[in-house]
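Here are my notes on the model, point by point. Have the structure open as you read.

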Amino acid sequence: MLERLVEFHLENRWLVLAGVLALIGAGIYALNNVAIEAFPDLTPTQVTIVTTAPAMAPDEVADLVTYPLEASVMGLPRAEGVRSISKLGLSMVTVAFDDSVNIYFARQVVNERIQEAKTRLPPGLEPTLGPVATAFGEVYQYTVEGEKYSLMELKTIHEWMVKNQLRGVPGVNEVNTWGGETQQYQVVVDPVRLQSFGLTLRDVFRRVAANNENFGGGYIEHAFEQYTVRGLGRVRDIKDIENIVMLSSSGSPVMVKDVATVQLGAMPRQGAVTRDGLGERVSGMVIMLKGENGKRVIERVKQKLSELHLPEGVKLLPFYDQSEVIDTTIATVGRNLLEGGLLVVVILLLFLGNIRAALIVAAVIPFSLLFGFLGMMAFGISANLMSLGAIDFGMMVDGSVVMMENAVRGLKREPGDSHFNAMRRIRASSVEVARPITFAIAIIIAVYLPILTLEGLEGRMFRPMAITVCSALLGSLVLALAVVPAVASLLLKNGVKEHTEHRFDHVRRRYVVLLRWAFTRRALVLGVAAVVLIAAIGSLGFIGTEFMPRLDEGSILLQTIKLPGISLSESVALSGDVERVLHEFPEVTGVVSKIGRPDFATEAMGIYEADVYVTLKPREQWTTARTKVGLIEAMDRKLQVVTGIGINFTQPMAMRLDETVSGTKGDVALKIFGDDTDTLQRLAEQSLHIVNHVHGAADTQMEVISGVAELRVRADRAALARYGLDVDDLRLVMDSAIGGSTISEFIDGQRRFDIVLRLPKGYSDSPEHLKRILLTAPGGERVALSDVAAIELARGPEVVSREGGNRRIVVQSNVRGRDMGSFVAEAQRKVAAGLPLPPGYSLEWGGQFENQRRAMQRLAIVVPASILIIFGLLFATFRSTRQAFLILLNVPFAMVGGVAALWLRGLNLNVSAVIGLLALFGVAVLNGIVLVSYINQLRQAGEPMMQAIFDGCSRRLRPVLMTALVASLGFIPMALSTSPGAEVQRPLATVVIGGLASATFLTLLLLPILYPWFSRRETGQADS
């Protein structure tokens, strides 16, 4: 079949060229339509239910809001877990689904359960679904600046002039506002004047609400026309609110302005933004729709911002632009691919010795890449660090190298050869190697297929790579069998000059001498090889382990934690201190702190927490340190002067990913589950002390779950009954005194502002003032709040966190200066020995370690499965169990070089390195197939075994060295690169380069030595 396929393409060369043109057109179309990102979408399919519950304490939110919602979404089809956070006035429930679930189906089934749960929620609460976005969806952030404008004015400008415009940009799912002050129309009631007219707060509430409505009256017909009847009763300004009539006393109306002051004011807030130590700002955050092209969305956002006509003096200053990460990462990938491609071309020129032949093989590189882009478009994969970063151009041309090398050798033209026929010779040489090339590339593809079975984060990370590489390899096979012979027959029809082959004769002679020496000392060579193999496998128990290297995003994010219960003003002041310290570093170009949570709670942070975005100069301009780790350590030391804060160093995208996937923000997280808050707190404090003393622990923190000051107003029901009052009267007074009760809405064109009822500030300054607030009983009695309620100070919870229906607390830590695997192993031993758990309590290790453990468990199945697939294909190729085992020996010896390379470079064993081993296995086996298949051909032609071995090894030395060199040199730029994004590629490339070195040694020395032992039975010969 393969022979007929090769002959068909040789006989229809112009049809082949037409197919190449079609490939170019389709590939360019795919390239222009593939999304561009820094990373593939690593976020699991999740739906977040956000419920705002104003003025509710965390434990009440947990009991009255979160628990009913949590219970309603339990047991959803293909749901993998439920976790929740309950804070002051906020409930967030996150439901994680299997990756195969469509996000819109997931939102639909969650929304159906929410409708069922609404009947069990307190009146007036409306659960909403979070944005259809991912952890990497926060693509563009900026601050709104204007010297002549207040924070309230700037926020109003952003809400109604910027936000709505950006939400209309294709690919934008949400634009969130953070910081600033939200404008309200406040009716500030004077209780004394109110009572002098015999009115209550409820009267003001009802009268203002009743006098802010438009109404309709249908239509009337008059003088041949139809008139629509409109009743205009909405307030249009502050004066309209002031002139609302409360009652008529002695023929004179009592208006709102007689009992209250109507003014513009700010809504109580749970967040703020500061910049560069210069005070508060208003911030906007663009959230991208899940599945969109991040690069293009950011370009559209920037274009829309440039078209906005803002008030004079108002400007938008970006502080986080994800396109910078995308550009630097893609630039790293592109540069590595280009440099690798050039190295491959140089090797082809040196070994083939013919420019035309080398260019034919080199042309396979871009064409194979076009096949890769077609596969990416077909499977909806974006162009990113993972999908493109593992492409090795050397691997792409391995099949074409073998095909062309055999053709060049067959096209060698002797002087005076008048019967030379290039077409016949190319046909013969192509048919000769078509089968081993096909099976060799099929084995490389098969090695990648088990990667598709990876789960969780590692699956989302490496599946795009496997699909892209397999698509490109499949294309390279088609090109090697169809295009290379056809083009060679056109460009090399006059043959190849004799001196082309002679250039390599010196290397070949030296190799034959070495091979004869190895045959005379079989025991020594095999013994040394066995010792090296055992040492390499044994060293795996001592090498450091981790999940994945951290991608350098080019910027730093600090998470600062203050004391629970801190006021917003004090939190803002401390954040300013942090910003000023960071600005002392010459590497820092800007610092922005985002405190608490935004208006639409995509975050659940408290005002004691802040995300600090630190933008940096290019690496070559750094003076404090040469590495990012060194700069972080210097910052950590200098920030010790800011007392009262805890610090965690991370990066923007990494932090969002950790938070989304595991619900924590550290490399390692110890989750403790139980019912009692005090017990959880005690166990967490003990764990924190233990983990903090493990070598490598950095930024160790404990989740704050309690200790927040509370002012509790406990109703005295007997006293309320004596005065004819009820709890709702207390609620209205407390809402008005503290946060304000929303009465109605002020509509100004497209803008909307709340009208709220408030008491003057003096009534809520202290517990003593609260006690003196007067209520009016139905009988007209004036009752102090302290007469019908007990007011007491207490400590309450800051947050209630639950996972899988169980309450939890988290102790988290980053790892610096040590591999994660050994750190967690030591921490687990010390925690198990020093933390006895009471009955009903349990602990679980999570964070990046959780991903590492799951990935390694899956890879422990994937790697043996790949080896079994290789063996099956080898058996199908040679129809011999012995020869299949012979070539399979390349696999452990390839691993020897890979492990040695990790040790030499000081790299840890991680998922990237293991994927590199899988890629290595396929290339290593390819050379064994090429060599053994040719020796078999020579023996079938009648040569004795030893002569066939030496002749086969001598003639196949060049293709074996070429395939090994082009595959390894194609990875050298990735292995040596220090640009952003190279961190993930480096272990994979290092393993492949080191492994090919040892695998090539086995192929050229050990495999010929072992060949007689694995082949004698098939032939019945016994050559000496």
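1. Let's start with Tyr 140, which counts as buried because its relative accessibility is 7%; buried is under 20% relative accessible area, exposed over 50%, and partly exposed in between, with a 1.4 Å probe and protein chains only. Tyr 142 is buried too, at 1%.

2. Before going on, the ground rules: this is a predicted model, where local features need pLDDT of at least 70, side-chain atom pairs count only at pLDDT 80 or more, and totals for chains, interfaces and linings use all residues. Numbering runs from 1 along each chain as its sequence is written, and side-chain values use heavy atoms, leaving out hydrogens and water.

3. On aromatic pairs, rings of Phe, Tyr and Trp (its six-membered ring) pair if their centres lie within 6.5 Å; planes under 30 degrees apart are stacked, over 60 edge-to-face, and the rest tilted. The count comes to 8 aromatic pairs. Tyr 140 and Tyr 142 make a tilted one, with ring centres 6.1 Å apart and planes at 45°.

4. Phe 871 and Phe 885 are also paired and tilted, at 4.9 Å centre to centre and 45° between the planes. Helices here are DSSP runs of H or I with at least four residues, strands are E runs of at least two, and both are numbered from the N terminus. Phe 885 is partly exposed, at 43% relative accessible area.

5. Trp 160, Tyr 185, Phe 746 and Phe 753 form one aromatic cluster.

6. Now the cores, meaning sets of buried Ala, Val, Leu, Ile, Met, Phe, Trp, Tyr and Cys residues joined through side-chain atoms within 4.5 Å. The largest nonpolar core has 181 residues, and Met 404, Tyr 448, Phe 462, Leu 874 and Ile 915 have the most contacts inside it. Helix H32 (residues 911-940) gives the most to this core, with 20 residues. Apart from it lies another core of 40 residues, including Val 256 and Phe 753.

7. What does Leu 874 touch, leaving aside residues up to four places away in sequence? Ile 443, Arg 879, Ala 884, Ile 887, Leu 888, Val 925 and Ile 929, with contact taken as heavy atoms within 4.5 Å.
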